[in-house]
Amino acid sequence: MIVPKWLAATVVAALMVCAVMLWRQSAPHAAAVHFSAPTAAEAAEITPAAAAAALVAPVSDVTPADREAKRFSRYDKDKDGAITRDEYFVSRKKAFAKLDINHDDKLSFEEYSVKAIAKFDAADTKHDGRLTPEEFATTAVKRRPRTKAVCPPGGAVTAAPEEPAEAQ
């Protein structure tokens, strides 16, 4: 007996749906945070000072002196407690070496501006050595838009279970 393809496909799809449902029921559920608006009584109890205190960021225990000591340590390559001229300029030497393509210890304009030249060439889609306004617009620095933080009114947050994350 030959089974029509559509009937076989339907049976396979139904079996897959059942398998997924059984798998989801047996998967452990993770707890998560659920944000909810405060009740009227809770909102009335929250003062502006209390709301501001709840939004204070934790204070770092790293002092400016600690940061400076770490920065000094990064520059002091031989760890002798002093930074030599060569140690101080090592990062600039690495940047120069990346730009000095022919390694002649001289930086030509073309070597210096290699990224700008590549950007121009990529934008010049007509390859005529000139950028139209449309071509020039593609050279603009791509910046991510700034996002504003959205805080719930009143500042009350409660924890509630979240649905489990989907498997990928």
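Me: What should I know before reading the values?
Reply: This is a predicted model, where local features need pLDDT of at least 70, side-chain atom pairs count only at pLDDT 80 or more, and totals for chains, interfaces and linings use all residues. Residues are numbered from 1 along each chain as its sequence is written, and side-chain values use heavy atoms, with hydrogens and water left out.

Me: How many salt bridges are there by this rule?
Reply: Start with the general idea. Side chains of opposite charge can pair when their charged atoms come close. A salt bridge here is a side-chain nitrogen of Lys or Arg within 4 Å of a carboxyl oxygen of Asp or Glu. The count comes to two.

Me: Which residue forms a salt bridge with Glu68?
Reply: Arg71 does, with the closest N and O atoms 3.2 Å apart. Glu68 and Arg71 are about one helical turn apart, because they sit three residues apart in helix H4. Helices are DSSP runs (H or I, at least four residues), numbered from the N terminus.

Me: And which residue pairs with Lys93 in a salt bridge?
Reply: Asp86, with the closest N and O atoms at 3.4 Å.

Me: Is Asp86 buried or exposed?
Reply: Read the relative accessible area: buried is under 20%, exposed over 50%, partly exposed in between (1.4 Å probe, protein chains only). Asp86 is exposed, at 52%. Lys93 has 46%, so Lys93 counts as partly exposed.

Me: Which residues form the positive surface patch?
Reply: First, the rule. Patch residues have over 30% relative accessible area and no salt bridge, and like charges are joined within 9 Å. Lys and Arg count as positive. Here the patch comprises Lys70, Arg74, Lys77, Lys79, Lys94, Lys98 and Lys115. Helix H4 (64-75) and helix H5 (85-99) each supply at least two of its residues. Take Lys98, which lies in helix H5. Lys98 counts as exposed because its relative accessibility is 72%.

Me: Where is Glu111, and what does its side chain reach?
Reply: Glu111 is in helix H6 (residues 109-112). Glu111 is buried yet has no salt bridge. The nearest side chain of opposite charge, Lys106, is 10 Å away. Look for polar contacts next: pairs of N or O atoms within 3.5 Å, one able to donate a hydrogen and the other to accept it. The Glu111 side chain reaches the backbone nitrogen of Ser108 at 3.0 Å. A polar atom of that side chain also lies 3.2 Å from the backbone nitrogen of Ile101.

Definitions and conventions. Patches are made of residues with over 30% relative accessible area and no salt bridge: like charges are joined within 9 Å, nonpolar side chains (Val, Leu, Ile, Met, Phe, Trp, Tyr) within 5 Å. Accessible areas come from the Shrake-Rupley method with a 1.4 Å probe; for residues, only the protein chains shown count as cover. The place of a charge is taken as NZ of Lys, CZ of Arg, CG of Asp or CD of Glu.
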